[in-house]
Amino acid sequence: MGRFELFWRASVFLLLVPGILGWGKEGHYAICKIAEGYFTEDALSMVKELLPASAEGDLAAVCSWPDEIRRKAHYHWSSVLHYVDTPDFFCNYNYSRDCHDTHGHNGRCVIAAIYNYTMQLESTYKEMTSDVRYNLTEALMFLSHFIGDVHQPLHVGFIGDLGGNSITVRWYRRKTNLHHVWDNMIIESALKTFYNSSLALMIQAIQNSIVDEWYNDVSSWRNCTENHTVCPNPYASESISLACKYAYKNATPGSTLDDSYFLSRLPVVEKRLAQSGIRLAATLNRIAASEVKVAEA
């Protein structure tokens, strides 16, 4: 299995809280498929070696895995790591204030999870002075998923409505909740309306926008301040700002969301998928580059 030999991950049991999924299967697949197009050779090699055999070399194939396993008893601790809640109507995010579970235990949120799994992968390339060993395949899949989650605006939503989960609305004629609209239904409607029900066509359209409409923004999306490997705090700040400006706006309990909501929010969703993919690739590229740096030292 090479230098990426798998280790058991030491985990802390976290209390199970009401569930929140992220982006749905289509969204997470799109994010990881976009990321794959921006991997360096070193990152691609790292990812292929760490992926489970079932993925057949395709990161996108396993990017929904953390949602699929979170209700299993062995993984209940991971449920709280998919999001971070913020005070109602503050419309801002602060790590020290917000990164905790419903019982006030600090460091139990999506931001802390991103830092943790980045550290686990990075530790492979540095001298391991700790006795703690990690399952690096799981670290890769969790990190890839959680970078996607933090870009979904309602994964940094309000405490009082559980990120929109308790806001009942109608999506056209279908009764649902606001969180599910942003996880799934905007993407599902876009696929049917604009992409002939083809996720591949939607991904291609987003990739085209990355090299065209958003070309001048991509370098800033990739960057982390102070040469950090990963920087999820700005991503969370972006998300709560977008939640207030777009997700919550005109989406009161009992309201019907139709074309006016859908058509004005779809560009936000597609841009967040693009940013997630670019930033996931940049993070994995920096992790893989640390291996090269150590190897050449």
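Modeller: A disulfide here is a pair of cysteine sulfur atoms within 2.5 Å. This is a predicted model, in which local features need pLDDT of at least 70 and side-chain atom pairs count only at pLDDT 80 or more, while totals for chains, interfaces and linings use all residues. Residues are numbered from 1 along each chain as its sequence is written, and side-chain values use heavy atoms, with hydrogens and water left out.

Biologist: What makes C224 and C231 a disulfide?

Modeller: The sulfur atoms of C224 and C231 are 2.1 Å apart, and the limit is 2.5 Å, so the pair counts as a disulfide. The torsion about their S-S bond is about -90°, so this disulfide is left-handed. Both C224 and C231 are buried, a word that stands for under 20% relative accessible area, with exposed meaning over 50% and partly exposed in between (1.4 Å probe, protein chains only).

Biologist: How many disulfides does the structure hold, and what is the pairing of the bonded cysteines in sequence order?

Modeller: The structure holds four disulfides. With the bonded cysteines numbered in sequence order, they pair as 1-2, 3-8, 4-5 and 6-7.

Biologist: How do you know which class of accessibility C91 belongs to?

Modeller: C91 has 33% relative accessibility, and therefore counts as partly exposed. C244, which forms a disulfide with C91 at a sulfur distance of 2.0 Å, is partly exposed as well, at 21%. The torsion about the S-S bond of C91 and C244 is about -100°, so this disulfide is left-handed. C91 lies in the loop between α3 and α4 (95-98) and C244 in helix α10 (residues 232-247), so the pair ties together parts that are 153 residues apart in sequence.

Biologist: What makes the arrangement of α1 and α7 parallel or perpendicular?

Modeller: Helix α1 (residues 24-36) and helix α7 (residues 178-194) pack at about 75°, with their axes 7 Å apart. Angles under 35 degrees count as roughly parallel, over 145 as roughly antiparallel, 65 to 115 as roughly perpendicular and the rest as oblique. The two helices α1 and α7 are therefore roughly perpendicular to each other.

Biologist: Which residues of α1 and α7 meet?

Modeller: G24, E26 and G27 in α1 meet D183, N184, I187 and L191 in α7, where contact means heavy atoms within 4.5 Å.

Biologist: How many helices and strands are there in the protein?

Modeller: The protein has eleven helices and three strands. Along the sequence they follow the pattern α-α-α-α-α-α-β-β-α-α-α-α-β-α. Of the 297 residues, 54% are buried. Among contacts between residues at least 6 apart in sequence, 75% join residues at least 24 apart.

Technical notes:
Axes are lines fitted to C-alpha atoms, for helices over the stretch in contact, and angles run from 0 to 180 degrees between N-to-C directions. Helices (H or I, at least four residues) and strands (E, at least two) are DSSP runs, numbered from the N terminus.
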